[in-house]
Amino acid sequence: MLAFLREQRIELTSEQAQLVLEKVGEGGTMPIYDSLTNVISKAIAAPGTNYYFEFSDPTLQEDFDAYLKDNRRTGQTFFQSFNPTWFKQAQVGFQGVFLVDLPVMTDANAEELLQDRPRPFYRYVASSDIHDIEVNGNRVEYLILWQQTTADTKDFWVWDDSSCYRVRHQQGEYIRLTAEDTQHELGYVPAYPVTAIQPDERRPVLRSSFLAKSLPLANVYLRDFCNHELGKARFANPKPWSYGVKCDHTPPPVEGYRATCDAGWLHYPGIGKQKCPRCKGMGRYIPYGRDEGYILEVPEKGDEPITPPAGYVIPDLKSLKYIGDELVKNEAKIEKAVLGKEGILAMQSRQETALGKTIDLGPMEARLSLVADNWIECQKFVLNTFAVYRYREQFLRSSCNAGRRWTLLGAAQLEADFAAAKKAGLDESILYSYLEDIIYTKYANDPMELQRNLLKLELTPFPTCTVEQARADGVATAYDLALKRYLNDLVVRFEEENGSILEFGSLLAPSEKLRRIREQFSLYLTDIAQRSPVFTLMPPLNAPAAAVPATAPAFTVGDAVMVKPGMAHMPAHEGLNLTIAQVQGDTYAVKLPDGSVHKWYTTDELMGMSPATKPAKAPEMAM
């Protein structure tokens with residue numbers, strides 16, 4: 001696109017006009033490509049991305065995690081720096097490679113490097129820095145980088161399967177600097193192309209920028225856009241018009257002669273006539289306002305006002321509409337070239353969807369899948385090379401998988417699709433996935449609220465049905481119906497007593513955390529039933545028995561207890577001396593040393609304190 005703008009320079013009359021064109025063109029294309037690249041970026045930001053690394057020593061997993069989070073070169077974690085770097089180069093620098101290297105040892109860092117494990121880092125190498133390279137599929141057979149060190153000296157760094165060495169070209173000779181030879185012993189060149197070739201021949205291949213096919217279309221769009229907008233930027237639209245007033249301009253004397261404008265001309269004896277600089281030969285001028293406009297002849301008859309400006313030239317609305325339609329068509333073509341299908345970003349397609357027409361997301365999902373595959377393969381190569389550099393044979397294997405949950409439609413459209421799918425009688429699992437997609441879309445920019453709503457969805461019985469629908473089906477118990485109706489109130493009460501529902505039970509397995517939350521909700525609903533006879537509470541299938549104990553409670557109010565090892569709801573409860581503050585069936589509210597009360601622990605999570613473990617009573621002071 002910038003090349004297109006540069007090519008238009010020869011058609012313009014001034015440097016100022018060129019700057020106007022570039023400014024107008026930038027405003028025309030940037031919003032389009034911002035929208036398109038935002039959609040493509042979903043390929044590397046989708047939930048579900050996971051990594052697994054296996055080492056012969058399990059403690060190395062923690063060391064590797066800490067290393068990836070402690071990037072001393074950029075101050076960011078590995079993923080914070082790699083993902084945007086790869087995404088940018090996949091658009092504009094796809095002919096380069098990602099190279100994994102080790103820091104050069106100097107006097108300043110020698111002690112640190114010798115004591116610590118190797119600290120590899122990655123860097124992107126642009127094609128302009130590559131002297132020669134051979135790529136076989138996704139494998140780099142050799143890589144030669146170059147750098148102009150002085151006016152007559154070039155240095156080359158040669159990477160092969162086992163080493164990296166430096167060659168200097170000076171005065172027509174190539175000299176290998178053997179003192180700088182480095183043996184990496186990886187068995188392969190630690191470089192990987194930005195975009196991978198998939199091994200399956202049935203799948204599409206992406207070895208170039210996913211924007212490449214759209215650039216010729218962008219040139220066409222930019223040409224039409226600039227031709228339309230540049231006129232408005234330079235001449236204004238609509239243009240003012242005026243009858244103007246008679247010009248009587250008298251410029252400074254020329255060779256002693258002073259002349260006054262006569263029908264647009266200045267007459268000088270012995271010199272000839274010159275065009276008036278004020279009215280530019282028109283004989284009339286607009287005395288104020290813009291100096292770029294139409295000046296019309298004064299009518300011979302009639303008493304039309306001649307006070308300028310007299311009005312504005314109305315633009316040809318039909319032509320403007322035609323130009324606008326052409327730009328919309330070009331936008332759709334650019335979108336189709338980048339995403340594989342037009343109609344996702346265009347407002348017209350959103351209106352069609354609202355009327356009941358459907359959008360085929362298959363081509364776009366295929367494009368996102370291809371971008372995700374390229375990204376994860378390149379990232380996996382870099383991570384595996386990191387692990388081999390640091391741990392050698394102690395690194396065994398890895399698994400890296402990109403998430404595939406892409407939120408391509410808005411929440412409103414997903415809700416409409418959910419309603420249509422439910423009306424069509426689709427399977428419950430499909431309806432549940434729609435609800436998950438709606439939550440992921442609505443709370444994509446709020447991770448805490450996203451996890452909170454996913455947890456609430458998991459706690460809700462019959463989540464794809466309303467309360468009335470669940471009642472009509474006759475399958476839900478009164479407990480289920482009450483839980484659906486009062487879920488938000490139950491969550492609020494739970495957090496008032498136990499803190500954030502997300503942080504609750506952070507040391508427990510997910511299934512155990514859900515069981516305890518449901519158990520607490522059961523106690524709350526029992527309390528609601530006792531205070532409000534609106535419904536008859538019936539226990540659900542496999543309901544927790546804690547609400548109606550069969551035997552006497554194991555502890556009473558005032559008993560000193562401790563939480564059993566590994567059973568604490570909160571890490572801060574480990575090892576504390578607690579006191580039973582309230583008993584409700586087989587569950588207990590415990591008083592913490594700071595005076596706060598936590599609800600609820602069960603009998604199997606607490607143990608009584610023997611006299612040997614009870615805190616000693618402070619001796620009384622004699623008065």
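Predicted model: local features only at pLDDT ≥ 70, side-chain atom pairs only at ≥ 80, totals over all residues.

User: Is C279 buried or exposed?

Analyst: C279 counts as buried, because its relative accessibility is 4%. Buried means under 20% relative accessible area, exposed means over 50%, and partly exposed is in between, using a 1.4 Å probe and protein chains only. C465 also counts as buried, at 17% relative accessibility.

User: OK, what about the nonpolar core? Which residues touch the most other members of the largest one?

Analyst: Those are F64, F82, W86, L143 and F386, in a core of 65 residues. Helix α10, residues 362-391, gives the most to this core, with 15 residues. A nonpolar core here is a set of buried Ala, Val, Leu, Ile, Met, Phe, Trp, Tyr and Cys residues joined through side-chain atoms within 4.5 Å. Helices (H or I, at least four residues) and strands (E, at least two) are DSSP runs, numbered from the N terminus.

User: What is F64 in contact with?

Analyst: Leaving aside neighbours within four places in sequence, F64 is in contact with F53, F55, L383, F386, A387 and Y391, where contact means heavy atoms within 4.5 Å.

User: Switching to helices, at what angle do α13 and α15 pack?

Analyst: Helix α13 (residues 447-459) and helix α15 (residues 478-498) pack at an angle of about 130 degrees, and their axes are 11 Å apart. That makes α13 oblique to α15. Axes are lines fitted to C-alpha atoms, for helices over the stretch in contact, and angles run from 0 to 180 degrees between N-to-C directions. Angles under 35 degrees count as roughly parallel, over 145 as roughly antiparallel, 65 to 115 as roughly perpendicular, and the rest as oblique.

User: And which residues meet there?

Analyst: R452, K456 and L459 in α13 meet L483, L487, N488, V491 and E495 in α15. The crossing of α13 and α15 is right-handed. A crossing is called left-handed if the near helix is turned anticlockwise from the far one by less than a right angle, and right-handed if clockwise.

User: How do α12 and α13 cross?

Analyst: The axes of helix α12, residues 428-442, and α13 come within 9 Å and cross at roughly 160 degrees. That makes α12 roughly antiparallel to α13, and α12 passes α13 in a right-handed crossing. On the α12 side Y432, L435, E436, I439 and Y440 take part, meeting L450, N453, L454, L457 and E458 in α13.

User: What about the loops, say, where does F462 lie?

Analyst: F462 is in the loop between α13 and α14 (467-473), and with a relative accessible area of 31% F462 is partly exposed. Phi of F462 is near 50 degrees, a positive value in a residue other than glycine. As background, most residues other than glycine have a negative phi. E255 also has a positive phi, near 55 degrees. The place of E255 is in the loop between β11 and β12, and at 67% relative accessibility E255 counts as exposed.

User: What does T260 touch?

Analyst: Not counting residues up to four places away in sequence, T260 touches D248, H249, T250, W265 and L266. T260 lies in the loop between β11 (245-246) and β12 (265-268), and at 42% relative accessibility T260 counts as partly exposed. The C-alpha atoms of T260 and C276 are separated by 8.8 Å, and these residues are 16 residues apart along the chain.

User: Last one: where is D101, and is D101 buried or exposed?

Analyst: D101 lies in strand β2, residues 97-101, and D101 is buried, with a relative accessible area of 17%. Leaving aside neighbours within four places in sequence, D101 is in contact with P120, F121, R123 and W159.

Technical notes. Residues numbered from 1 in each chain as written. Heavy atoms only, no water.
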